[in-house]
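Take a look at the structure below.

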Amino acid sequence: FQAEDGIRDVERSRGLGDVYKRQLLDVVNFWALRDVARGYPVARTALLSSLLLASASSAAYVALILWAYRSFSQPLSVLLLGVPQIFVLYIVSVLTTMVRGYAPHFYGVAQMVFEFSKVALVYVALAVLKQGLLGVIVAVMAAYLMQAAFSAAVLSKPLRESRASLKRLVRWVKLGWVPLYQDLHHILLNLEPVVVRALRYSEEVIGIRSMSVTLSSIVMHASSLGVALYPKILRSREGPRGADIEVTLKLEYMLAIPLSVGIVMLAPDLLLLFGRNYLESLYGVWVAAACFLVAILGMTLDQVIMGAETLDLSEGVSMRAYAKSLICRVITINVGRAATGVAVLAALLYAMRPSERWLVAVIWNAAWLATLLPFEAYKYLLARKLSEFRFPLRNIVRYAVASALMALLLKAIMAILGPPPSTRITGLACYLTLLVTPTACLYLMVVCLIDPFAQSLAKAALNVIKSSVHGR
């Protein structure tokens, strides 16, 4: 265990300058996404804003690293590489956000461009060029530039047809308190490790809980299937359509449920790869997986409620009106959930005083789940007032049945293969391929047999393939 095990966030840092990115850049990204989705020519304004904010952040970063260099003898050459990376991160973040608003079907592709480029370039830097840490930093920066180039190509039309608008920039700055208020949710969540330490629990306890959350967070990848819902609602003048919401929830849970079952089944072997001490995270993984299943619903409902707000379509709206808007209402719900979670966690740990580290992690995640449920239920009732839709409970039951059969097959294959034969990447990849391929195929077959929605998706996919083969 190391100190950083207790301070890692679910949202992974992507570089030296990433710590300066969220608060300032959210001011631009929050409103740029809404305006781009609605067809306003603001692409150049958003890009110019990111450059201005990057300049301000770079100045603060340079002052910080000079202090760190003098006070703690930190390597200056490595720290200085964070300066260009700040600019790259700001530009990539704004461009990718606008891609989501303009062409959401390319949003995931842009992220894949970065991930694949990063793996290839880091391998070259380490294995071929033998450049070490400096080479890795430069390789990651180059991968970001590739993502930026792809995003700029997707946005070529809005970038070409827009002009930088000082009026729009001033408006975003004036309304910057809204996304900053949204960041209060993350700040409150980061108080949870502070509470745990204040109650005299060790950093190892925080590390065990962090591992359970990190491993279970793979379930949240299912939420990427709903990335187009928010811009689609913003584009529509009729508000959120119930059919779009139902389709999004069905797609997300069609993937989230088997992911959660799979991660629970594979958790013991995966945790062993990080060390035997992390096996204490096992029960925490079970609870955290349930938390993420509920959180997926909450993220979708956030998009529905915030997308239904049309207040920002008008000029001259008062700050008080924004404070009462659906946007701030959702943010307040999430902030309230985070504050309640901190309080419940503190109360449970103080009252129960558990001595086992694994039990602290379970209680921590249970407090998260207990506070998620009522707040997400309230958001569900609020969203139902804005649009008529049904929670796809029957579909979820079918996905659970298919996942249970998948789990049985997975258990049988694991009994035959035994534990992972190697902790090396290639050996682990082969082992996981042998587990995932047959079980995923079984899940898809069962789902297509018992779920009408999956059947309609399969038919649509076959029609697309047939059209492609015949050149139509």
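## Where two helices meet

In this predicted model, helix 11 and helix 17 are in contact. Helix 11 brings Glu-204, Val-205, Ile-206, Ile-208, Arg-209, Ser-212 and Val-213 to the meeting. Helix 17 answers with Arg-357, Val-360, Ala-361, Trp-364, Asn-365 and Trp-368. Sorted by class, this contact has eight nonpolar, three charged and two polar residues.

**Geometry of the pair**

- Two packed helices are described by the distance between their axes and the angle between them.
- Helix 11 covers residues 203-216, and helix 17 covers residues 357-386.
- Their axes come within 9 Å of each other.
- The axes cross at roughly 55 degrees.
- An angle from 65 to 115 degrees would count as roughly perpendicular, and one under 35 degrees as roughly parallel.
- The crossing angle is roughly 55 degrees, so helix 11 and helix 17 are oblique to each other.
- The crossing of helix 11 and helix 17 is right-handed.

- Asn-365 sits in helix 17.
- Is Asn-365 buried or exposed? Its relative accessibility is 0%, so Asn-365 counts as buried.
- The side chains of Asn-365 and Ser-212 are joined by a polar contact of 3.2 Å.
- Ser-212 belongs to helix 11.
- Leaving out residues up to four places away in sequence, Asn-365 touches Arg-209, Ser-212, Val-213, Gly-284, Val-287, Ala-288 and Cys-291.
- Among these partners, Arg-209, Ser-212 and Val-213 are residues of helix 11.

**Val-362, also in helix 17**

- Val-362 has its place in helix 17.
- The cut-off for buried is under 20% relative accessible area. Val-362 has 17% relative accessibility, so Val-362 counts as buried.
- Which residues does Val-362 touch, not counting residues up to four places away in sequence? They are Tyr-283, Gly-284 and Val-287.
- Gly-284 and Val-287 are touched by Asn-365 and by Val-362.
- Val-362 and Ile-208 are 154 residues apart in sequence. In space, their C-alpha atoms are 9.8 Å apart.

**Ser-151, in another helix**

- Ser-151 lies in helix 6, which covers residues 132-154.
- Ser-151 has 0% relative accessibility, so it counts as buried.
- What does Ser-151 touch, setting aside residues up to four places away in sequence? Its partners are Leu-95, Thr-96, Val-99 and Ala-110.

Methods. Residues are numbered from 1 along each chain as its sequence is written. This is a predicted model: local features need pLDDT of at least 70, side-chain atom pairs count only at pLDDT 80 or more; totals for chains, interfaces and linings use all residues. Side-chain values use heavy atoms; hydrogens and water are left out. Axes are lines fitted to C-alpha atoms, for helices over the stretch in contact, and angles run from 0 to 180 degrees between N-to-C directions. Helices (H or I, at least four residues) and strands (E, at least two) are DSSP runs, numbered from the N terminus. Angles under 35 degrees count as roughly parallel, over 145 as roughly antiparallel, 65 to 115 as roughly perpendicular and the rest as oblique. A crossing is left-handed if the near helix is turned anticlockwise from the far one by less than a right angle, and right-handed if clockwise. Contact means heavy atoms within 4.5 Å. Ala, Val, Leu, Ile, Met, Phe, Trp, Tyr, Cys and Pro count as nonpolar, Asp, Glu, Lys and Arg as charged, and the others, Gly among them, as polar. Buried means under 20% relative accessible area, exposed over 50%, partly exposed in between (1.4 Å probe, protein chains only). A polar contact is a pair of N or O atoms within 3.5 Å; within protein, one must be able to donate a hydrogen and the other to accept it, and residues adjacent in sequence count only if both atoms are side-chain atoms.
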